[in-house]
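Me: I am new to this structure and would like to understand the words used for it. Could you take me through them one by one?

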Amino acid sequence: MTADAPAESHAGRPVESAGHAAPGGSDPVRRVWTRLPDAVQASLPVWFASRVAVMIASLAGARALSDGPAGDAPGLTTLWDRWDVGLFTKVARYGYLSPSYADRTEVDFPGLPLAIRLVHVVVPDWIAAGLVVSFLAGTLAAAALWRLAADEVGREDARFAVVALVCFPYAVFLFAAYSEGVFLGFAVASWLAARRDRWLLAGLLGAGAASARVTGIPFCAALVVQYVLVRRAAGRPLFAPPALALALPPLPIIGYVLYLRARTGRWDTYTEAMRAGWNRGVDWPWRGWSRTWESAFDGSGASTFVWFWRGELLAVVIGVLLTGVLLWSRRWGEATFVGLMTVLMSFSNYYASGIRGILVAFPLYLLLARVAARRPWVRGAYVWLCAPIMVVFVVAFTQGKWVD
C-alpha cells in the first residue's frame with residue numbers, strides 16, 4: 001500500500017518566510033482552496049467538470065431534440081424532474097403515506113428525502129434542492145474514493161478511480177436527485193474511516209449510507225468483516241469499545257421498519273409496497289433470471305425496456321465476477337459488500353435497479369484504478385467505451401426515456 005502524503009506538505013503550498021507571502025496569499029479564493037484537504041483538491045476538479053458536462057449534455061440534448069420554439073425548451077429543473085425524482089421529492093414535501101399522493105413511496109429509504117428537505121430551507125425549488133444534495137454527496141464520494149485509491153496506487157494514478165466513477169454508463173443517477181449519490185458518499189467515506197481504524201466515525205457515516213438505500217444492509221455486514229480484518233492486522237482485540245460503533249449503521253434501517261410498523265400496523269410494509277407498486281417479490285435467482293431473460297430478448301418488446309432488462313442481467317453478471325475477483329484478491333470486506341448486494345438483487349421475481357447497485361459498488365473503481373496503474377491503456381479504453389454511453393443515458397433520462 002502506498003504511504004499517505006506527508007502532513008507537512010501543506011497541501012502543496014510553499015512555506016511563507018518572514019516578509020514574503022506565499023503565492024496567491026492575497027487571493028481569498030486561493031487561500032481557501034489551498035487549505036482544503038488534498039483529496040478534495042485532487043478530486044473536486046474532476047467531479048465539478050463532470051457535473052458541468054452532464055448539465056450541458058442535458059440542455060443541449062433537449063434543444064437538439066425539440067422541434068418547438070427555442071423559448072419553449074425546458075429548463076434544467078424540468079429536465080431533471082424525471083421518474084423517481086418525483087417520488088423522493090413527494091416524500092420530502094409531504095412525508096410517507098400522505099393523502100397528497102398515492103404512490104407507494106415506502107420502498108424509498110428516508111435518507112435522501114430528509115436531506116432534500118434540509119437543503120430546501122435555503123434552496124426553494126425542490127428539484128434544485130435534490131440536485132444540490134446529489135452534488136454535495138458526490139463531492140464527498142469522489143474525495144473519499146480518491147483517498148482510498150491513493151493509499152493503494154499513489155496520488156497520480158488515484159484520479160482514475162474518480163474518472164471511472166463519473167464515466168460509468170449509469171452515472172446519470174449521481175446527478176439526478178436519486179439516492180445513489182447519498183449512499184455512495186456516506187459509504188465510501190465510512191470505508192475510508194474503517195481503513196483508518198476510526199470506528200466511531202465509520203459507524204456514523206455507515207448509518208448515513210444505510211439511511212439512503214436497502215444496499216445499506218450488505219454494507220453493514222461488510223463493515224463487520226472489515227472491522228475484524230483491521231483489528232486483527234493491527235494486533236488489537238476484537239471485543240473492545242470500538243466494536244460498539246458497528247451497532248450504529250443498522251439503526252436507520254431498524255428505525256425505518258419500526259416507523260412503518262407504527263404507521264401501518266404491519267411489519268411487512270416495505271415488501272408489501274414493493275409488491276403493490278412494482279409487482280416485485282422474493283424469488284429464487286434462476287426464476288428471476290429466466291423472467292428477465294425473456295423480457296430482455298423479447299423481439300416485440302419496446303426497445304428502451306429490452307435494453308433495460310439486458311442491463312439488469314449484465315449487472316448480476318458483473319456482481320458475480322467482481323465478487324470472485326475480490327475474493328481471489330483476498331479483499332474480504334469488499335467482497336462481502338459486493339457479494340451480498342448481488343445476492344440481494346438476484347433473489348427477486350425479476351431483476352431491477354441492479355445496475356444502479358453496480359454504480360455504487362465502489363470496490364469496482366478501486367479495482368479499475370489498480371489495473372490502470374499497471375496497464376495505462378485501460379484508462380483510455382474505459383473512458384472511450386463508457387463516457388459516450390453515459391452521455392446517451394443522460395439525454396435519454398432527461399427526455400423522459402426509461403434508463404433504469
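Me: Which residues in H11 meet which residues in H16?

Reply: Happy to start there, and please keep in mind that this is a predicted model. On the H11 side they are Pro-218, Phe-219, Ala-221, Ala-222, Val-225, Gln-226 and Leu-229, and in H16 they meet Trp-332, Gly-333, Thr-336, Phe-337, Leu-340, Met-341 and Leu-344. By class, this contact has 11 nonpolar, 3 polar and no charged residues.

Me: Why are H11 and H16 called roughly antiparallel?

Reply: The axes of H11 (residues 216-233) and H16 cross at roughly 160°. Angles over 145 degrees count as roughly antiparallel, and therefore H11 and H16 get that name. Their axes come within 8 Å, and H11 passes H16 in a right-handed crossing.

Me: What makes H6 and H9 roughly parallel?

Reply: Here the axes cross at roughly 30°. The cut-off for roughly parallel is an angle under 35 degrees, so H6 and H9 fall into that class. H6 covers residues 126-153 and H9 covers residues 179-195, and their axes come within 7 Å. The crossing of H6 past H9 is left-handed.

Me: Which residues make the contact of H6 and H9?

Reply: H6 brings Val-133, Ala-137, Leu-140, Ala-141, Ala-144, Leu-145, Arg-147, Leu-148, Asp-151 and Glu-152. From H9 come Gly-181, Val-182, Leu-184, Gly-185, Phe-186, Val-188, Ala-189, Trp-191, Leu-192 and Arg-195. By class, the contact has 14 nonpolar, 2 polar and 4 charged residues. Gly counts as polar, so Gly-181 and Gly-185 belong in that class.

Me: How much space lies in the largest pocket, and what lines it?

Reply: About 930 Å³ of space lies there. The lining has 35 residues, and Val-214, Tyr-270, Met-274, Arg-280 and Ser-353 lie nearest the centre of this pocket. The elements giving two or more residues are H4 (84-94), H13 (269-278), H15 (303-328), H16 (332-346) and H17 (354-359). H13 gives the most, with 5 residues. In classes, the lining divides into 20 nonpolar, 8 polar and 7 charged residues.

Me: What is the volume of the second largest pocket, and which helix gives the most to its lining?

Reply: This pocket has a volume of about 680 Å³. H15 gives the most to the lining, with 11 residues. H15, H17, H18 (362-374) and H19 (377-398) are the elements that give two or more residues. Of the 28 lining residues, Pro-169, Tyr-170, Leu-314, Ile-318 and Ile-355 lie nearest the centre.

Technical notes: Residues numbered from 1 in each chain as written. Predicted model: local features only at pLDDT ≥ 70, side-chain atom pairs only at ≥ 80, totals over all residues. Heavy atoms only, no water. Axes fitted to C-alpha atoms, helices over the stretch in contact; angles between N-to-C directions. Helix = DSSP H or I, 4+ residues; strand = E, 2+ residues; numbered from the N terminus. Parallel < 35°, antiparallel > 145°, perpendicular 65-115°, else oblique. Left-handed = near helix turned anticlockwise from the far one by under 90°. Contact = heavy atoms within 4.5 Å. 1 Å grid on protein atoms, 1.4 Å probe; cavity = no way out; pocket = protein on both sides within 12 Å on 5 of 7 lines; lining within 4 Å. Points joined across faces, edges and corners; volume = space filled by probe spheres on them.
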